[in-house]
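Visitor: I am new to this structure and would like to learn how to read it step by step. Could we go through it together?

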Amino acid sequence: MVSSIGFLESTKIIDRVVFNISEALLTLLGLVPVLGGLFSTIPVSIGSDVVFMGNLQLSGNALRNIQSIQYNLKNCPPNFLGYL
């Protein structure tokens, strides 16, 4: 899910068809052993980099969301006021 949010943030594609196509391709990879074997030869470092980029985009979204919140006594408990 995290990678999907990063994908949405970086490409601005919000159509479900793209995700349905990718689901079908991943299912095909699982059902056809030759294709799955081909993709299993991709080094782990490349896969980790792809996931890392999605996580970076998600972190940026979280920081923008936190910056938009106006903290006061109603939405911030007193024990957290020392961090503001």
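Visitor: Which pattern does the chain follow when it is read along the sequence?

Guide: Please keep in mind that this is a predicted model. Read along the sequence, the chain follows the pattern α-α-α-α, and a count of its elements gives 4 helices and 0 strands.

Visitor: How does one describe the way in which two helices pack, and at what angle do helix 2 and helix 3 pack?

Guide: Two packed helices are described by the angle between their axes together with the distance between those axes. Here helix 2 and helix 3 pack at an angle of about 105 degrees, and their axes are 5 Å apart. Since angles of 65 to 115 degrees count as roughly perpendicular, helix 2 and helix 3 are therefore roughly perpendicular to each other.

Visitor: Which residues of helix 2 and helix 3 meet?

Guide: From helix 2 come L28, L29 and L31, which meet P33, L35, G36 and F39 in helix 3.

Visitor: Is L26 buried or exposed?

Guide: Exposed means a relative accessible area over 50%, and L26, with a relative accessible area of 58%, is therefore exposed.

Visitor: Which residues form the nonpolar patch on the surface, and which helix gives the largest share of the patch?

Guide: The nonpolar patch is formed by V17, I21, L25, L28, L35, L38, F39, I42, I46 and V50, which together have about 900 Å² of accessible area. Helix 2 (16-31), helix 3 (33-40) and helix 4 (44-67) each supply at least two residues of the patch, and the largest share, 4 residues, comes from helix 2. Among the patch residues is I46, which is placed in helix 4 and counts as partly exposed because its relative accessibility is 47%.

Terms used
Residues are numbered from 1 along each chain as its sequence is written. This is a predicted model: local features need pLDDT of at least 70, side-chain atom pairs count only at pLDDT 80 or more; totals for chains, interfaces and linings use all residues. Side-chain values use heavy atoms; hydrogens and water are left out. Patches are made of residues with over 30% relative accessible area and no salt bridge: like charges are joined within 9 Å, nonpolar side chains (Val, Leu, Ile, Met, Phe, Trp, Tyr) within 5 Å. Accessible areas come from the Shrake-Rupley method with a 1.4 Å probe; for residues, only the protein chains shown count as cover. A salt bridge is a side-chain nitrogen of Lys or Arg within 4 Å of a carboxyl oxygen of Asp or Glu. Buried means under 20% relative accessible area, exposed over 50%, partly exposed in between (1.4 Å probe, protein chains only). Axes are lines fitted to C-alpha atoms, for helices over the stretch in contact, and angles run from 0 to 180 degrees between N-to-C directions. Angles under 35 degrees count as roughly parallel, over 145 as roughly antiparallel, 65 to 115 as roughly perpendicular and the rest as oblique. Contact means heavy atoms within 4.5 Å.
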